[in-house]
Amino acid sequence: MPDKQKNDPKTAEIVISGGGLTGLMMAITLAHTPYDVTLIDRSSGIDRSSGSDPASANSAEEAASIPRDRRTTTIHAAGAKMLDCLGVWSYLADKAAPIWHMHVAEGAATATTNKHSQAKSDFNLHWSHDDAPMGYVVENNHLFAALKKRLTSTNVRYIQDETISSLSISGQKAHMTCASGRAISCDLLIACDGANSPLRKLAGLKTRAASHRQSAIVAVLKSERPHGNSAFQRFLVGGPIALMPMPNNLLSLVWTLPTHEADAHMAMDNSQFDSACNAAFGYDLGRLTVDGDRLLWPLAPALSLSPTSDNIVLAGDAFHAIHPLAGQGYNLALGDAAVLADCLAQAHQRGLTAGHPSVLRDYAAGRNVEVLAMSAVTTALNNLFFNMPRSVRRLSGIGMSLVNASPLKRTLSHIAAGGKLNKASLMQGKLPH
Ligand SMILES: Cc1cc2nc3c(=O)[nH]c(=O)nc-3n(C[C@H](O)[C@H](O)[C@H](O)COP(=O)(O)OP(=O)(O)OC[C@H]3O[C@@H](n4cnc5c(N)ncnc54)[C@H](O)[C@@H]3O)c2cc1C
């Protein structure tokens with residue numbers, strides 16, 4: 001292929017729109033199929049969704065005032081296996097904190113001061129793995145860096161600072177025009193352009209979205225006592241508070257609150273916020289103190305009613321933006337890429353184009369169970385606790401006692417480790433075939 005055409009292609013077999021965590025990972029995954037892949041992203045650096053990218057600040061003071069995004073992602077065991085198989089994990093392994101134990105509690109903390117911290121813990125639902133970690137926690141910035149590094153050693157064409165602005169389908173191809181005037185046609189267009197996916201709208205694909213009632217405060221905390229590579233989740237009436245282990249005995253906080261309460265907590269100074277964290281979480285880890293900036297993420301879970309349309313598939317948050325309480329959003333995106341890679345490998349063996357209707361059909365069929373199950377579980381868990389007092393749940397006999405029933409507990413643990421509801425090759429640690 002001539003160099004000029006390679007750098008500025010008019011046609012491609014596969015185009016991926018969106019270079020966030022999903023788009024980058026999708027590009028690396030599909031580079032392992034026989035089809036050629038082009039990745040287009042509107043930003044040149046890390047997208048912060050809030051529009052507050054330090055790279056776009058006008059002055060040093062402005063850049064310094066932008067909170068540093070230290071969001072983390074929990075990658076389940078099967079997802080880590082997949083990233084290892086794709087050659088990404090080697091860049092991440094020494095920056096990831098393994099999760100060996102998980103502790104869950106229901107309702108407000110009973111120990112209200114550090115003096116009571118030696119009292120019996122009210123975390124009453126526990127999982128432990130002895131043989132291998134159930135998952136890993138990585139900072140999103142490290143995950144981005146690892147994906148970008150790996151991408152450079154693939155054949156993927158990476159076009160940055162470009163936005164897809166129009167779309168039409170004809171002659172069994174997707175035709176796109178970009179903001180710069182560039183025109184590209186492809187057999188298969190993969191929308192990895194986030195929860196508000198412009199391509200999903202252009203393709204006329206509908207979503208079922210919840211209203212924005214809650215926001216998540218994200219921060220890094222230090223604790224007085226070591227976390228012991230345990231993950232903690234406490235279900236409170238306003239929303240769950242989760243602490244995930246990070247390297248160097250730090251903890252990643254994701255605290256879901258009703259929107260107005262989240263705003264009030266963001267307005268607190270650090271010492272008020274520390275006290276609020278301890279009051280909500282308790283003293284199982286001793287005194288908690290915030291380390292660095294706090295960020296606010298509005299939550300409005302949304303699920304696409306169908307993940308495909310002619311020559312188009314949706315993946316990542318464009319397909320399913322689920323509640324972060326189970327830390328499964330990106331794991332679902334890994335599942336999307338793993339399934340699509342298998343569908344494409346099989347299509348190629350049959351001499352079909354990447355956009356053949358059978359690819360779209362097999363992808364939709366391969367994603368239905370896991371995506372619907374995860375979306376239903378996170379929505380149900382959030383609704384079960386959100387604004388429903390413990391006494392009411394007790395009366396109706398639901399809550400932790402139900403989950404603690406042994407077979408369900410084991411099943412949940414297997415599902416959380418990944419690879420149970422999704423049998424794609426990469427989820428089992430094998431390249432697509
Ligand atoms: C508070 C919080 C905590 C979370 N914790 C976890 C966790 O522990 N584990 C987990 O698995 N998941 C977690 N998630 C979910 C996870 O962060 C998301 O699923 C994931 O980041 C989604 O990535 P994405 O690439 O699909 O979307 P995005 O990050 O939104 O990226 C979209 C990309 O598309 C680009 N784009 C948009 N429009 C266009 C266009 N027209 N043309 C070209 N490019 C375009 C943007 O520039 C951007 O790069 C969490 C989410 C939240 C909010």
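Author: Let us begin with accessibility. Gln172 has a relative accessible area of 69%, so it is exposed. The term exposed means over 50% relative accessible area, buried means under 20%, and partly exposed lies in between, with a 1.4 Å probe and protein chains only. This is a predicted model, in which local features need pLDDT of at least 70 and side-chain atom pairs count only at pLDDT 80 or more, while totals for chains, interfaces and linings use all residues. Residues are numbered from 1 along each chain as its sequence is written, and side-chain values use heavy atoms, with hydrogens and water left out.

Reader: Where is Gln172 found, and what is the value of its phi?

Author: Gln172 is in the loop between β9 (164–170) and β10 (173–178). Helices (H or I, at least four residues) and strands (E, at least two) are DSSP runs, numbered from the N terminus. The phi of Gln172 is near 55°, a positive value in a residue other than glycine. Asn311 also is not a glycine and has a positive phi, of about 60°. Asn311 belongs to the loop between β20 (308–309) and β21.

Reader: Is Asn311 buried or exposed?

Author: With a relative accessible area of 7%, Asn311 is buried.

Reader: How is the packing of two helices described?

Author: One gives the angle between the axes of the two helices and the distance between those axes. The axes are lines fitted to C-alpha atoms, for helices over the stretch in contact, and the angles run from 0 to 180 degrees between N-to-C directions. Here, helix α2 (residues 21–30) packs with helix α5 (residues 140–151) at an angle of about 30°, their axes being 10 Å apart. That makes α2 roughly parallel to α5; the cut-offs are under 35 degrees for roughly parallel, over 145 for roughly antiparallel, 65 to 115 for roughly perpendicular, and oblique for the rest.

Reader: Which residues make the contact between α2 and α5?

Author: Contact means heavy atoms within 4.5 Å. From α2 come Leu21, Leu24, Met25, Ala27 and Ile28, and among those of α5 are Leu143, Phe144 and Leu147.

Reader: What is buried in helix α4?

Author: In α4 (residues 77–85), the buried residues are Ala78, Gly79, Ala80, Met82 and Leu83. They pack against α2, β3 (72–76), β7 (135–139), α5 and α9 (329–349). After α4 comes Gly87, with a positive phi near 80°.

Reader: How many aromatic pairs does the structure hold?

Author: Rings of Phe, Tyr and Trp (its six-membered ring) pair if their centres lie within 6.5 Å; planes under 30 degrees apart count as stacked, over 60 as edge-to-face and the rest as tilted. The structure holds 6 such pairs. In one of them, Trp89 and Tyr136 have ring centres 5.1 Å apart and planes at 65°, so this pair is edge-to-face. It links distant parts of the chain, 47 residues apart: Trp89 is in the loop between α4 and β4 (97–99), and Tyr136 is in strand β7. Trp89 is buried, at 10% relative accessible area. The rings of Phe319 and Tyr363 have centres 6.5 Å apart and planes at 55°, so that pair is tilted. Both Phe319 and Tyr363 are buried.
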